[in-house]
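Student: I have a structure open and have not looked at it before. Can you walk me through it?

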Amino acid sequence: MMERLDQNTKTEIFSDVRNEEAGGTPVVPVQHRPEDSFSFRCHRGVSCWNMCCHGADVTLTPECILRLSRHLNVRPREFLAQYTVPAMWERAEMPVAKLKMGGEDGKGPCPFVRAEGCSVYENRPATCRYYPLGLATVKLKDAENKDDFYFLVREAHCRGHEESFAQTVAAFRHEQGVEGYDSVNRGWMDILMKAVSWKVLGGPYGKEMTPQTKKMFFMVSTDVDALRQFIFGTKFLDTYEVAPEAVKALETDDEALLHLGFDWMKNVLFNEKTIVMKRHILQAAVAQIREGTGAS
Ligand code: SF4
Ligand code: SF4
């Protein structure tokens, strides 16, 4: 079983089309690297202005939730209740939050779209920043590191592709400010990527991921206050090695909390050594296993 884990893995993270259309996939099947160019420009003068902000399929990353909550001056729990719907990220069957679009069928306007454009522009979600690019991460079985590549999403209603404004993927990413999002979300993307390959294999060690574990993943991904409560209100800090200065930071630093949450999830889900159990806890666990198996 284990050697099957060591295979090529490809995960599309931001590939959600913003506005579903009939007539085939709008994803252009060409891989782009940061230095590759493409033509696109979005501005108020386009005839399709704001069209993509109706019925959009926007998965919210942990950093998207933090930034939008701060922008609106609410805590993530309140933001989630008012502006999102829970959904299943099908590629990995993992629970995520999506922006709640208007209308009974969800094809209506985004709650943040105004005639003049996006009212949360400085803190708009990563999917909105990436559009019309998609991001995919690949891990080749013999490679040590993962590799990112990009692809174009060319939806018929989007006239931005007709603009003669060429730019490299790297320049577009920089202009859209996605790097800050990606650096916080990297651990979360790693988890999704691994979950995709383990979905194919039937979960860690061939088992299904339990609903409880998925619930914990959703909590870590969406609600830093619940995560903080969990870390400080349970035996978490008695169980795991966390440096005193890091513990201090966790009291107020939401992004630091996310990083710890992702490390903990990687350990729980995939047994990665991203967080270390305290020695006496480990010894007690080993003793208990020995007792159970009758080993001395
Ligand atoms: S958050 Fe802004 S850019 Fe994204 S769909 Fe809503 S209005 Fe459009
Ligand atoms: S050009 Fe594309 S991204 Fe810009 S408003 Fe039109 S549909 Fe949206």
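**A three-stranded sheet**

Tutor: Start with an open sheet of three strands, in the order β3-β5-β4, with antiparallel pairing. In that sheet β3 (59-60) and β4 stand at the edges with a single partner strand each, so one side of each has no neighbour in the sheet. Strands (E, at least two residues) and helices (H or I, at least four) are DSSP runs numbered from the N terminus, and two strands pair if DSSP finds at least two bridges between them.

Student: What kind of model is this, and how do I read the numbers?

Tutor: This is a predicted model, in which local features need pLDDT of at least 70 and side-chain atom pairs count only at pLDDT 80 or more, while totals for chains, interfaces and linings use all residues. Residues are numbered from 1 along each chain as its sequence is written, and chains are lettered from A and ligands numbered from 1 in the order in which they are written.

Student: Back to the sheet. How many bridges join β3 to β5?

Tutor: Two bridges join them, and the strands run antiparallel. Leu60 has Ala97 in β5 as its bridge partner.

Student: And how many bridges for β4 and β5?

Tutor: Six bridges, also in the antiparallel sense. Trp89 stands opposite Met94 in β5.

Student: Which residue in the hairpin of β4 and β5 takes a positive phi?

Tutor: Glu93, with phi near 55 degrees, in a hairpin that has four residues between the strands. Glu93 sits in the loop between β4 (84-89) and β5 (94-99).

Student: How exposed is Glu93?

Tutor: Glu93 is partly exposed, with 14 other C-beta atoms within 10 Å. The cut-offs are 20 or more other C-beta atoms within 10 Å for buried, 12 or fewer for exposed, and partly exposed in between, with C-beta atoms placed from the backbone.

Student: What about Asn73, buried or exposed?

Tutor: Asn73 counts as exposed, with 8 C-beta neighbours inside 10 Å. Asn73 is not a glycine, yet has a positive phi of about 60 degrees, and lies in the loop between α2 (62-72) and α3 (76-83).

Student: Which peptide bond is cis?

Tutor: The one from Tyr131 to Pro132, with omega near 10 degrees. Pro132 is in the loop between α4 (126-130) and β8 (133-139).

Student: New topic. Where does α6 bend?

Tutor: At Asn185, by about 60 degrees; the bend is the angle between axes fitted to the seven residues ending there and the seven starting there. After α6 comes Gly202, with a positive phi near 95 degrees.

Student: How many helices and strands are in the protein?

Tutor: Twelve helices and ten strands. Of the 296 residues, 28% count as buried.
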